[in-house]
Amino acid sequence: NGSPLVSWYLMTRGCNVEGDLWYFGSFLYDVGVLSFGENTIIDDAHIMGHYFDGELKVKSTRVSGLLHQGCFAHAGAVVPFGEHTPYTTFLTGDDDAMTSADEV
């Protein structure tokens with residue numbers, strides 16, 4: 001799961017992988033609109049590029065840094081580089097917000 005073969009596989013499916021990616025995630029949706037920054041580690045997080053708001057919407061999602069267990073990057077989110085605590089949710093750029101489960 002975390003080998004260079006994962007990066008290669010994702011790139012063959014249209015994903016943009018900008019450097020080292022260690023993927024130990026559980027769900028990865030819409031690979032063709034996903035982008036991973038340099039030195040990214042995904043630890044059992046959910047990454048997706050679509051949502052439904054009366055109609056299906058597909059948006060580019062960019063992830064970087066260290067996402068711990070339970071993190072969720074919604075379609076259109078831009079996850080900044082850094083270490084992100086477990087169960088942090090990154091919302092679409094339309095919402096212009098980032099929140100965590102602690103704040104809900």
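Visitor: How many disulfides does a search of the whole structure find?

Guide: The search of the whole structure finds 0 disulfides, where a disulfide is a pair of cysteine sulfur atoms within 2.5 Å. This is a predicted model, in which local features need pLDDT of at least 70 and side-chain atom pairs count only at pLDDT 80 or more, while totals for chains, interfaces and linings use all residues. Residues are numbered from 1 along each chain as its sequence is written, and side-chain values use heavy atoms, with hydrogens and water left out.

Visitor: What makes Cys15 count as buried?

Guide: A residue is called buried under 20% relative accessible area, exposed over 50%, and partly exposed in between, with a 1.4 Å probe and protein chains only. Cys15 has a relative accessible area of 5%, so Cys15 is buried, and Cys71, at 0%, is buried as well. Of the 104 residues of the chain, 36% count as buried.

Visitor: Why is Ile47 called buried, and where in the chain is Ile47 placed?

Guide: The relative accessibility of Ile47 is 0%, and therefore Ile47 counts as buried.

Visitor: Which residues are in contact with Ile47, leaving aside its neighbours within four places in sequence?

Guide: Contact means heavy atoms within 4.5 Å, and with those neighbours left aside the partners of Ile47 include Phe27, Tyr29, Leu34, Val63, Leu67 and Ala73. Between Ile47 and Gly25, 22 residues apart in sequence, the C-alpha to C-alpha distance is 8.4 Å.

Visitor: What makes Trp22 and Phe24 a pair, and how do you know whether their rings are stacked or edge-to-face?

Guide: Rings of Phe, Tyr and Trp (its six-membered ring) pair if their centres lie within 6.5 Å, and planes under 30 degrees apart count as stacked, over 60 as edge-to-face and the rest as tilted. The count by this rule is 1 aromatic pair: the ring centres of Trp22 and Phe24 are 6.5 Å apart and their planes at 10 degrees, so the pair is stacked. Trp22 is partly exposed, with a relative accessible area of 41%, and Phe24 counts as partly exposed at 41%.

Visitor: Why is Thr92 called buried, and which backbone oxygen lies 3.4 Å from its side chain?

Guide: Thr92 sits in the loop between β13 (88–90) and β14 (98–100), and Thr92 counts as buried because its relative accessibility is 8%. A polar atom of the Thr92 side chain lies 3.4 Å from the backbone oxygen of Ala75. Setting aside neighbours within four places in sequence, Thr92 is in contact with Lys59, His74, Ala75, Gly76 and Ala77.

Visitor: How do you know where the buried residues of α1 fall around its axis?

Guide: In helix α1, residues 4–12, the buried residues are Val6, Ser7 and Leu10. Seen down the axis of α1, these buried residues fall within an arc of 100 degrees, so they line one face of the helix, the arc being that of the directions from the helix axis to the C-beta atoms. The face turned away from this buried side carries the exposed residues Pro4, Leu5 and Trp8.

Visitor: What covers the buried residues of α1, and which residue just after α1 takes a positive phi?

Guide: The cover over the buried residues of α1 includes β1 (16–17), β2 (21–24), β3 (27–28) and β4 (34–36). Just after α1, Gly14 takes a positive phi of about 100 degrees.

Technical notes: Helices (H or I, at least four residues) and strands (E, at least two) are DSSP runs, numbered from the N terminus. A polar contact is a pair of N or O atoms within 3.5 Å; within protein, one must be able to donate a hydrogen and the other to accept it, and residues adjacent in sequence count only if both atoms are side-chain atoms.
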